[in-house]
Amino acid sequence: MRTPSDAPSARRIVLSGVLFGCGIAASMIDLFIFHLALQWHHFYDLSTTEVALTADGFFHAFGWFITIWGLFLLADIRRRAAVPWTRWTGAVLTGVGFFQLLDGVLSHKVLGIHQIRYGVDLFLYDLAWIGSAVALLLIGLLILRRTRPAQVPA
């Protein structure tokens, strides 16, 4: 029987959620929606279509790797103790927001390896992409803060 005294490591719960969130943002949101369904961009758009598709393949594999890693951590945590689902959900939102912000700022703006879309004014697209990333990140961090485990006096 699981008891509160078996509470899993707060760091492992957060790591599991953040990895899962980053993976979902990479593989489901970015790759499936923007790369495959809408075909707005590829992970690396500074070369040929073949290179872009190969880069998408590696990006896809990496995204699923971290998604599965997060789920394996979650399974291990769940095997040992009850999972604080609200905290884990906050970590997932933090991961989604972090990945989208990293992608929007680093890949789109700093490195310029791809944009959200081509042939359009990017201001509104960037505002929506980066703005939603910041919002998700802040909501996730707020949930994590509110669900912090009580400190045990030493």
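This is a guided tour of the structure, stop by stop, with what to select in the viewer.

**The whole chain**

Keep in mind that the model is predicted. Start with everything shown as a cartoon. The protein has 4 helices and 0 strands. Follow the chain from the N terminus and the elements run α-α-α-α. Now switch to the C-alpha trace. Along its principal axes, the trace of the protein spans about 55 × 30 × 25 Å. Of the 154 residues of the protein, 37% count as buried.

**The annotated spans**

Take residues 12–37 and draw a distance between the end C-alpha atoms: they lie 34 Å apart. That span is 100% helix and 0% strand. Do likewise for residues 57–75, where the end C-alpha atoms lie 27 Å apart. Here too the span is 100% helix and 0% strand.

**α1 against α2**

Select α1 (10–37) and α2 (49–80). How do they cross? Their axes come within 8 Å and cross at roughly 150 degrees. The cut-off for roughly antiparallel is over 145 degrees, so α1 and α2 are roughly antiparallel to each other. The crossing of α1 past α2 is left-handed. Show the side chains of this contact: 18 residues are nonpolar, 8 polar and 4 charged.

First, pick L31, in helix α1. Is L31 buried or exposed? Its relative accessible area is 4%, so L31 is buried. L31 and F59 are 28 residues apart along the chain, and their C-alpha atoms are separated by 8.2 Å.

Now pick M28, also found in helix α1. M28 has a relative accessible area of 33%, so it counts as partly exposed. M28 and G63 are 35 residues apart in sequence, yet 8.6 Å apart in space, C-alpha to C-alpha.

Move to the loop between α1 and α2 and select Q39. Its relative accessible area is 63%, so Q39 is exposed. Check its backbone too. What is phi of Q39 near? It is near 55 degrees, a positive value in a residue other than glycine. Most residues other than glycine have a negative phi.

**α1 against α3**

At what angle do α1 and α3 pack? The angle is about 45 degrees, with the axes 6 Å apart. That makes α1 oblique to α3. α1 passes α3 in a right-handed crossing. By class, this contact has 15 nonpolar, 6 polar and 3 charged residues.

With 28% relative accessibility, I29 counts as partly exposed. I29 and V96 are 67 residues apart in sequence but 9.1 Å apart in space, C-alpha to C-alpha.

**The nonpolar core**

Bring α2 back and select F59, V83, W88, V92 and F99. These touch the most other members of the largest nonpolar core, which has 17 residues. Which elements give two or more residues to this core? They are α1, α2 and α3. α1 gives the most, with 7 residues.

**α3 against α4**

Look along the crossing: α3 passes α4 in a left-handed one. Colour the contact by class to finish. It has 16 nonpolar, 8 polar and 4 charged residues.

Key: Residues numbered from 1 in each chain as written. Predicted model: local features only at pLDDT ≥ 70, side-chain atom pairs only at ≥ 80, totals over all residues. Heavy atoms only, no water. Left-handed = near helix turned anticlockwise from the far one by under 90°. Nonpolar A, V, L, I, M, F, W, Y, C, P; charged D, E, K, R; others polar. Core = buried A, V, L, I, M, F, W, Y, C linked by side-chain atoms within 4.5 Å. Buried < 20%, exposed > 50% of the residue type's maximum accessible area, 1.4 Å probe, protein only. Axes fitted to C-alpha atoms, helices over the stretch in contact; angles between N-to-C directions. Parallel < 35°, antiparallel > 145°, perpendicular 65-115°, else oblique.
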